[in-house]
Amino acid sequence: MKKYIYVVVMAAAAMVLCACGMGDKQVVDFTMLPQTAQTFVKTNFADKQVAIVYYDRDIFDKDYELYFNDGSKIKFQSNGEWEEIEDKMNGVPMAVLPAGISQYVTARHPNMPVVKIERKRYGFKVELASEIEMKFNKGGQFLRYDD
């Protein structure tokens, strides 16, 4: 029985140690991003200079975080699809927002830039420079304002 408990404790400790080591971020070159992500950056953020790219590997997923020299950032999933875009200085380019979201923001909050957009399970979470947060479904239709 003591051997069994010892083996279980050692296996659990080994799993914890492996999990801790897998959560580390590694600095990688821009060319290590998936091609989809590279194309997205070159198309929509050509005027910005990439400062650093991190590759973050967790137990359950792998993603990339790209930071520009002006402090803005984009988080990409392992397949190259953006997961989060944040630009508090200049605002997220309207061209990268889904059409429904950009139309809603332009109509209801003119001259108020989007500073952050995140893909969520239900759709999108959008934050304006005024700190107003809104939720949209996957089709870009407005759901509600968020606290």
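Predicted model: local features only at pLDDT ≥ 70, side-chain atom pairs only at ≥ 80, totals over all residues.
Let me start with helix H3, residues 99-108, which lies across strand S6 (114-119), strand S7 (123-128), S8 and S9 and runs at about 145° to S8. That angle is taken between N-to-C directions, on a scale from 0 to 180 degrees, with axes fitted as lines to C-alpha atoms, for helices over the stretch in contact.

Residues are numbered from 1 along each chain as its sequence is written, and side-chain values use heavy atoms, with hydrogens and water left out.

Now to the overall layout. The protein has three helices and nine strands, and along the sequence these follow the pattern α-β-α-β-β-β-β-α-β-β-β-β. An open sheet of nine strands, with antiparallel pairing, has the order S1-S2-S3-S4-S5-S6-S7-S8-S9; pairing here requires that DSSP finds at least two bridges between two strands. Strand S1 (25-28) and strand S9 (142-146) stand at the edges with a single partner strand each, so one side of each has no neighbour in the sheet. On average, neighbouring strands of this sheet are turned by 20° against each other, direction ignored. Helix H2, residues 35-44, also packs on the sheet, where it touches strand S3 (62-68), strand S4 (73-77) and strand S5 (82-86), and its direction makes about 155° with that of S4. Contact, in all of this, means heavy atoms within 4.5 Å.

As for the chain as a whole, 36% of the 147 residues count as buried, where buried means under 20% relative accessible area, exposed over 50%, and partly exposed in between, with a 1.4 Å probe and protein chains only. Among contacts between residues at least 6 apart in sequence, 37% join residues at least 24 apart.

Let me return to H3 and ask which of its residues are buried. They are Ile 101, Ser 102, Tyr 104 and Val 105. These residues cover an arc of only 165° around the axis, which puts them on the same side of H3; the arc is that of the directions from the helix axis to the C-beta atoms. As a general point, an α-helix has 3.6 residues a turn, so residues three or four places apart point the same way. The buried residues of H3 pack against S6, S7, S8 and S9, whereas Ala 99, Gln 103 and Ala 107, on the other side of the helix, are exposed. Ser 102 has a relative accessibility of 16% and, not counting residues up to four places away in sequence, touches Met 94 and Leu 97.

Tyr 145 counts as partly exposed, at 39% relative accessibility. Its side chain makes a polar contact of 3.3 Å with the side chain of Tyr 104, and another polar contact, of 2.9 Å, joins the side chains of Tyr 145 and His 109. A polar contact is a pair of N or O atoms within 3.5 Å; within protein, one must be able to donate a hydrogen and the other to accept it, and residues adjacent in sequence count only if both atoms are side-chain atoms. Strand S8, residues 133-137, is joined to S9 by four bridges, the two running antiparallel, and Glu 133 has Asp 146 in S9 as its bridge partner.

Lys 62, which is in S3, is partly exposed, with a relative accessible area of 42%. Seven bridges join strand S2, residues 50-57, to S3 in an antiparallel arrangement, with Tyr 54 opposite Glu 65 in S3. Five bridges join S3 to S4, again antiparallel, and Leu 66 has Ile 74 in S4 as its bridge partner. S3 and S4 form a hairpin with four residues between them, and Gly 71 in the turn has a positive phi of about 95°.
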